[in-house]
Amino acid sequence: MLKELTNLVKFSESGELPPEISQTKFQEQVSSIEEELNHKLLKQIDGINFVTNFGKDFLPYAKKCIRAIQEGINVASEQNIYDSDNYLTLGLNRDSAATWAMNCLRNFNRIHPGLRLSIIANDNLIDDMVEKSTIVFWCTEQEIENYDKMWYVEYKYGLYASDDYIKKYGIPTLDNIHNHKIIAYSGSARSDIANWHLTGKYGLPKLTPTIFSQSRDLIAKMTAEGVGIGAIAERQDVYYGYDHLNRVLKLVEGPTMNNYFFVRKGLSTQMLCNVDLLSGLFRNYFITRGIVVHMV
């Protein structure tokens, strides 16, 4: 029905047959529609087809039918894709998805052309991500229901400043740290970890931040560009791509968080093989850049 209605609409709007169909085949298609509707859509005058008045009135509804059928096909196809063993859904933190994960996955389709990948990115580990994902790569010590932990990389937090910041404001010390510009995380998720430098622990006094951001990526960028002192993880050049970061107050050790590679339980053998491909791609990305990967 979709092909028949589409050809009818094309003819009604242009007065010409679609180039890929013959006159005989087109007439057969129209006759089939007319039989279903019990109304004539075309009439012939001197051997030339014209659209009937009924056909003209029916045309807007034919277009609606085409759109509805196509939408149904798209929705059904997408559902079938999610059920396919060659379709992986990856849940990531938004900052990770936009930075190191993008670089890691840049050549994904060239390396594994038979796989399709959907990325769900959010600042929080939302229900939709947990329900839909095949893989979740997330910084948490908690278990995720229906998922297994496979491996992890460590985020070791410290205080950092750029060359430009140190040139302008000097090297911060425990005695003068209160006089420096401090950048803090304003999001709700893991704020106790991200803002560890504000709590008066880890050998630091309580600090008052000057600038807030809900993006850890932006915090790293502001630190790299000399806006202030940021509490970020080691190797941000790998994770976020910003270099020229200097560890300051090196005796102050912040918390260490593990970013785990979670895999959904109960996957088929083929799906697990595809998960291993993506897992290997991630692990290789970290290992070749000097990041230790710990197996669970």
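These are my notebook entries on a few residues I looked up in this structure.

**Entry: the model**

I am working with a predicted model, where local features need pLDDT of at least 70, side-chain atom pairs count only at pLDDT 80 or more, and totals for chains, interfaces and linings use all residues. Residues are numbered from 1 along each chain as its sequence is written, and side-chain values use heavy atoms, with hydrogens and water left out.

I checked confidence before anything else. The protein chain has an average pLDDT (the predictor's confidence in each residue, from 0 to 100) of 87, and 94% of the residues score at least 70. Where is confidence lowest in the protein chain? I found that in helix α3, residues 53-83, with a mean of 72. Strand β12, residues 294-295, has the highest, at 96. For my own reference, helices (H or I, at least four residues) and strands (E, at least two) are DSSP runs, numbered from the N terminus.

**Entry: cysteines**

How many disulfides does the structure hold? I counted zero, taking a disulfide as a pair of cysteine sulfur atoms within 2.5 Å. C104 is in no disulfide, and its nearest cysteine sulfur, that of C139, lies 17 Å away. I then looked at C273: its sulfur is 19 Å from the closest cysteine sulfur, in C104, so the two are too far apart for a bond.

Next I noted accessibility, where buried means under 20% relative accessible area, exposed over 50%, and partly exposed in between (1.4 Å probe, protein chains only). Is C104 buried or exposed? C104 has a relative accessible area of 8%, so I wrote it down as buried. C273, at 41%, is partly exposed.

**Entry: the loop between α9 and β8**

I found K201 in the loop between α9 (191-194) and β8 (211-213). K201 counts as exposed because its relative accessibility is 54%. I also compared K201 with V252: they are 51 residues apart in sequence and 9.6 Å apart in space, C-alpha to C-alpha.

Y202 is found in the loop between α9 and β8 too. Y202 is partly exposed, with a relative accessible area of 36%. Its phi is positive, about 60°, although Y202 is not a glycine. I made a note of this because most residues other than glycine have a negative phi.

**Entry: N38**

Which loop holds N38? I located N38 between α2 (23-37) and β1 (42-45). N38 also has a positive phi, near 60°, and is a residue other than glycine. With a relative accessible area of 65%, N38 is exposed.
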